[in-house]
Structure formats: C-alpha cells, structure tokens
Amino acid sequence: MKINKIILMLALMTIVISFNACKKEAEEGMLIPPPSTEQKLKFHIHNMVGTNALNFTTEFTNASGRKFNMSDCRYYISNIVLIKSDNTELPLSGKVLLVNPSIDDYELATVPVGGYKGFRFIIGLDSATNHSNITAYSAGNPLAVQTPSMHWTWSSGYLFMKLEGNVDTTLANTGTPNVEFFYHIALDNFKRTIDFGTESFTVSSGSDKEIVLEFNLLDALNNVDMRTEYITHSNDNVPLATKIADNWQGAFSVE
C-alpha cells in the first residue's frame, strides 16, 4: 500500500508539473504577437542654409558672400507616392504637409511592410487642391487659414513656398541686411515633382520607418542674385519664380 501511495503521488506530481509547463508555454506564446504587416512612416526634415540650421535669428551668407537673414520659410509637400520593389505605386492620398523650420517630424501614413525602390512628392499642390475652398478646412489642417497667410485669393490659390527676410543689397557686399526680400512661389505651373525614385528603403515589421530629408536654402537660391533679384510673387516676376522652382530638385536630398 505504501508503495502504491508513493507511485500515485509521483504520478500526480508529474501531471501537475506537465500542466504548469504547458500553461507557461501557452502563456508565453500568447505574449508573442504575430509579425506586423504594417508600420508607421514619417519624414524627418532638416531645413538648412549651407551647413547651418535654418532659423530666424542667424545672419547667413550666400554663395557670393552676401549677408541675409530669414523671417519666414514654409512650403507645401503633397502628392506623396511610394514606389514598391515590384514597381507598383502606393499614393498617400490626401496627405499634405506644411513644412517649417521649427518642426522636424511629419507623420505620413501606416504603410505595408516590405521593400521600396523609392518615392516622390510635389512641392506645391495639385490644381484641384490649390483652388479648393480654404474655409472648408478645419483649424490644424495644413490647408486651413494660416498666420501669416499661405494663401492668396480663392482663384489664385496657395503659396507653394514662401521665403522672406532681409538682404544686404550694397554692391560691395559690405552693408547690413536691411532690404526686404520676398520669394512667393505659387500658381499651378510652378509646382514641381521631387523625384527620389532610386532612394530605396525598407519598412520592417515591428519598427516604424523614418526617411530623413534635407532642404538646403542655398541650393534653392542657386544663381539668384539677391542684390537685384529680391522680389517675386510668381506672376509679377516669372523668370525669378521659375529659377527658384527649377532649383527645388537639387535643394532636396535624402540623408
């Protein structure tokens, strides 16, 4: 009888140990989530003047040695399209960013995990959005009323890029930045596609993805003589507006 009791106790202990082991394995299995099929994607944007961060307190110098400062720098990014590794495209429909130097991070969307060949976007807005009713957008939307304004009349639409500040216009470059400059690039024909179709990246399961971009103001103002070319509202100085808009591709890079 004593031997049978011992055998019974050993059997019960074996059952309890096995049950607890199975329970632990099940619990541990429940704590391991399945691989995610989508992750968040964002742009991290550095706005620069040469090697210096763009800000509204520093006195900068352009390529010709001319001194200037900035009081406003904002621009719209829209029509963002991701290009998958199989060449299919994923438009991030309706996503519009209003970029300014005080903000680095811009959430884009939750996108499928996998490899991407590159991406592209527009500086500016498509025609339909450009001529939409600004009062239809709620506060906080990049397309809503901004202060200072990023919009003209309803028929003219939005400013795609707004650059303002003061510049030294002395011939010898020996003065101080005391003449205002205004580079207001707008109107449908001045939007430009920024193509990074060969800048591949991977969105991995379990890790959000950040694409780091740089916008360099000096490249955007390449071949602009700030002493004499210091005002354009696009339609009043088409050559200057065209020069700046055509510089945008070279002003953006992927870090």
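Start by selecting strands E1 and E2 (residues 52-53): they run antiparallel and are joined by two bridges. Strands here, labelled E, are DSSP runs of at least two residues, and helices, labelled H, are H or I runs of at least four; both are numbered from the N terminus. Two strands count as paired if DSSP finds at least two bridges between them. Pick Val49 and you will find its bridge partner in E2, Asn52. Now click Gly50. This hairpin of E1 and E2 has two residues between the strands, and Gly50 takes a positive phi near 65°.

Before moving on, note that this is a predicted model: local features need pLDDT of at least 70, side-chain atom pairs count only at pLDDT 80 or more, and totals for chains, interfaces and linings use all residues. Residues are numbered from 1 along each chain as its sequence is written, and side-chain values use heavy atoms, with hydrogens and water left out.

**Along E1**

Show E1 (residues 38-49) with strand E7 (residues 105-112). The two run antiparallel, joined by seven bridges. Gln39 has Val111 of E7 as its bridge partner. E13 pairs with E1 in the parallel sense, over eight bridges. Select Leu41 to see Lys209 of E13 opposite.

**The aromatic rings**

Colour Phe, Tyr and Trp. The whole structure holds 15 aromatic pairs. Rings pair if their centres lie within 6.5 Å, the six-membered ring being used for Trp; planes under 30 degrees apart are stacked, over 60 edge-to-face, and the rest tilted. Zoom in on Phe121 and Phe252. Their ring centres are 5.8 Å apart and their planes meet at 80°, so this pair is edge-to-face. Phe121 sits in strand E8 (residues 114-123) and Phe252 in strand E15 (residues 252-254), so the pair ties together parts 131 residues apart in sequence. Both Phe121 and Phe252 are buried, meaning under 20% relative accessible area with a 1.4 Å probe, protein chains only; exposed is over 50%, and partly exposed lies in between.

**Backbone stops**

Go to Asn79 in strand E4 (residues 67-84). Its phi is near 50°, positive in a residue other than glycine. Asn79 is partly exposed, at 33% relative accessible area.

Jump to Asn173, in the loop between E9 and strand E10 (179-186). Asn173 is not a glycine, yet its phi is positive, about 60°.

Finish at Pro148, in the loop between helix H2 (127-130) and strand E9 (159-167). The peptide bond from Thr147 to Pro148 is cis, with omega near -5°.
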